[in-house]
Amino acid sequence: MGADAKTAMKVDMTEAAARRIAKIVSGEAGKTALRVSVEGGGCSGFSYKFDLVDTRNDDDVAVEKDGATVLIDDLSLVYMGGSVIDFVDDLMGQSFQIRNPNAVASCGCGTSFSV
């Protein structure tokens, strides 16, 4: 795999997301990471799913920053390559948001997209 392909498959997280993930995981006994996956469905075709987990699967890619770990399986990584996971706290509320350059459309709630 060339350098461009590796960069395209990379997922990053902001410092705000890392802080929030580390805080959430530390408050959940036995949990070690946040798993982000892509599933079929949602109003735009695909949706993101967030789960706290205690194990890492063989096909997981780990994204680590400031003591926080996000796990993404190989299949989801195909749809999420080049994305940035962020945590936003504004007047609309608190939420994880994924800025995905592969998405050609998304829904208003920010959890559903199409490619």
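**View 1. Asp90 and its bridge partner in the predicted model.** In this predicted model, Asp90 has Gly93 of strand S7 as its bridge partner. Strand S6 covers residues 84-90. Strands S6 and S7 pair in the antiparallel sense, over seven bridges.

View 2. Three strands make up an open sheet, ordered S1-S6-S7, with mixed pairing. Strand S1 (12-13) and strand S7 stand at the edges. Each has a single partner strand, so one side of each lacks a neighbour in the sheet. Helix H2, residues 15-26, lies across S1, S6 and S7. The helix runs at about 80° to S6.

**View 3. The tilted pair Phe46 and Tyr79.** The structure holds three aromatic pairs. In the pair of Phe46 and Tyr79, the ring centres are 4.7 Å apart and the planes stand at 40°. Phe46 belongs to strand S3 (residues 46-53) and Tyr79 to helix H3 (residues 74-80). Tyr79 is partly exposed, at 26% relative accessibility.

**View 4. The stacked pair Phe50 and Phe96.** Phe50 and Phe96 form a stacked aromatic pair, 5.9 Å centre to centre with 25° between the planes. Phe50 lies in strand S3 and Phe96 in strand S7 (residues 93-99), so the pair ties together parts 46 residues apart in sequence. Phe50 is partly exposed, with a relative accessible area of 30%. Phe96 is buried, at 18%. Phe50, Phe87 and Phe96 form one aromatic cluster.

Conventions:
Residues are numbered from 1 along each chain as its sequence is written. This is a predicted model: local features need pLDDT of at least 70, side-chain atom pairs count only at pLDDT 80 or more; totals for chains, interfaces and linings use all residues. Side-chain values use heavy atoms; hydrogens and water are left out. Rings of Phe, Tyr and Trp (its six-membered ring) pair if their centres lie within 6.5 Å; planes under 30 degrees apart count as stacked, over 60 as edge-to-face and the rest as tilted. Helices (H or I, at least four residues) and strands (E, at least two) are DSSP runs, numbered from the N terminus. Buried means under 20% relative accessible area, exposed over 50%, partly exposed in between (1.4 Å probe, protein chains only). Two strands pair if DSSP finds at least two bridges between them. Contact means heavy atoms within 4.5 Å. Axes are lines fitted to C-alpha atoms, for helices over the stretch in contact, and angles run from 0 to 180 degrees between N-to-C directions.
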